[in-house]
Amino acid sequence: MYESRNEPLLPPAHFRRRLALHVGYALLLVGATLLVGALGHRWFGDHGWHDALMNAAFVIGGIGTYVMPESYGGKIFSAVYGFFVGLIVMATLGVVLAPIAHRIMHKFHLDETDD
């Protein structure tokens, strides 16, 4: 997917397209996480759709739950979902920053000469 060390640096227009594609992947990942959270809060927490969606969005945003679950299943889901969201945030950050980090490292390697 990325250019190798021996290839020239990607033109800026292509790089912007690659970055937009990675942002799209990250948005899909966050959207899927929001859907899982809303379904889980609805199923395990016995909340309405609006409360379930708001709970999931607040957890993803780092605020915490909006309506605390009362059932044991809802409490367990909230705990597991909170850990899951932490991993998703790190993964999303990696997906968005990967093309930028690759471009920086590729630019530094272009300056090196092979002896």
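Which helix does V89 lie in? Select helix α3, residues 72-111, and you'll find V89 there. (Helices are DSSP runs of H or I, at least four residues, numbered from the N terminus.) Before moving on: this is a predicted model, where local features need pLDDT of at least 70, side-chain atom pairs count only at pLDDT 80 or more, and totals for chains, interfaces and linings use all residues. Residues are numbered from 1 along each chain as its sequence is written, and side-chain values use heavy atoms, leaving out hydrogens and water.

Stay on V89: its relative accessible area is 41%, so call it partly exposed (buried is under 20%, exposed over 50%, partly exposed in between, with a 1.4 Å probe and protein chains only).

Next, jump to helix α2, residues 49-61. Now colour D51, A52, N55, A56 and V59, the buried residues of α2. Looking down the axis, they fall within an arc of 135°, so they line one face (the arc uses directions from the axis to the C-beta atoms). On the face turned away sit the exposed H50 and G61.

Last stop: rings. There are four aromatic pairs (Phe, Tyr or Trp rings, using Trp's six-membered ring, with centres within 6.5 Å; planes under 30 degrees apart are stacked, over 60 edge-to-face, the rest tilted). One of them is F58 with Y66, edge-to-face at 5.8 Å centre to centre and 85° between the planes.

How values were computed. Helix = DSSP H or I, 4+ residues; strand = E, 2+ residues; numbered from the N terminus.
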